[in-house]
Amino acid sequence: MNIGIIVYSHTGNTLSVAEKLEEQLVKAGHAVKIEKVMADNEDQMEADKVQLRRIPDISLYDALIFGSPVRGFSLCAVMTAYLSQLATLKEKKVFCYLTQFFPSPMMGGNRAMEQMKKICETKGGKVSEYGIVNWSNLRRSKMISDITEKIGGLL
Ligand SMILES: Cc1cc2nc3c(=O)[nH]c(=O)nc-3n(C[C@H](O)[C@H](O)[C@H](O)COP(=O)(O)O)c2cc1C
């Protein structure tokens, strides 16, 4: 399967999870490409004021994995802006993951994931599987491997 991992990452945490996913999915025989979303004003907290500079084209992929950090107990504005401008997610397999600093998903991750899933749904996509990595949690490595297993198992 042709898989695009579409990721926004400022300090590299979300990207490092994308690289682990890529490694596992390539091992399983898939064609995988990591594509970075970029913006000119990355610190902007309001999605409608984000100026996207790099807007990955999803038409090339059968399956999409969107990865993003949590910011201010919400889906970060750059990923919100990117997902919001997509034309459609119909006919695609869709997966999502988030990274956040705090140790529990109750500290912003769950809320951000609901926002992420909702935008995907408004684009006609159903999120088949998702996960949250709590960077300061001692079980971080296990959280990452759980996500790669869950997503890998459905592709
Ligand atoms: C402005 C800002 C707001 C943040 N807000 C939250 C938050 O609400 N909850 C949380 O757990 N982490 C928060 N973080 C931490 C990031 O979500 C976390 O470090 C993430 O893994 C960064 O991903 P990246 O390295 O891919 O950019 C915030 C970070 C920044 C810079």
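I checked overall size first: the protein chain has 155 residues, for which a compact globule would have a radius of gyration near 15 Å, and the chain's 14 Å agrees with that. I'm working from a predicted model here. Along its principal axes, the C-alpha trace spans about 40 × 40 × 25 Å.

Next I went through the secondary structure. I find four helices and eight strands in the protein chain. Reading from the N terminus, I get the order β-α-β-β-β-β-β-α-β-α-β-α.

Then packing. Buried residues come to 41% of the 155. Of the contacts with a separation of 6 or more, 72% are between residues 24 or more positions apart.

On to the ligand. I looked up which residues come nearest among the 19 around it, and they are Ser9, Asn13, Thr14, Pro69 and Gln100. The elements giving two or more residues to this shell are α1 (13-27), β5 (63-71) and β7 (93-100). Sorting the shell by class, I have eight nonpolar, 10 polar and one charged.

Most residues other than glycine have a negative phi. Phenylalanine 73 has a positive one, near 60 degrees. I located phenylalanine 73 in the loop between β5 and β6 (74-75). It has 13 C-beta neighbours inside 10 Å, so I put phenylalanine 73 down as partly exposed.

Glutamate 91 also has a positive phi, near 75 degrees. I found glutamate 91 in the loop between α2 (77-84) and β7.

Note on methods:
Residues numbered from 1 in each chain as written. Predicted model: local features only at pLDDT ≥ 70, side-chain atom pairs only at ≥ 80, totals over all residues. Rg over C-alpha atoms; globule rule 2.2 N^0.38 Å. Buried ≥ 20, exposed ≤ 12 C-beta atoms within 10 Å, placed from the backbone. Contact = placed C-beta atoms within 7 Å. Near = placed C-beta within 6 Å. Nonpolar A, V, L, I, M, F, W, Y, C, P; charged D, E, K, R; others polar.
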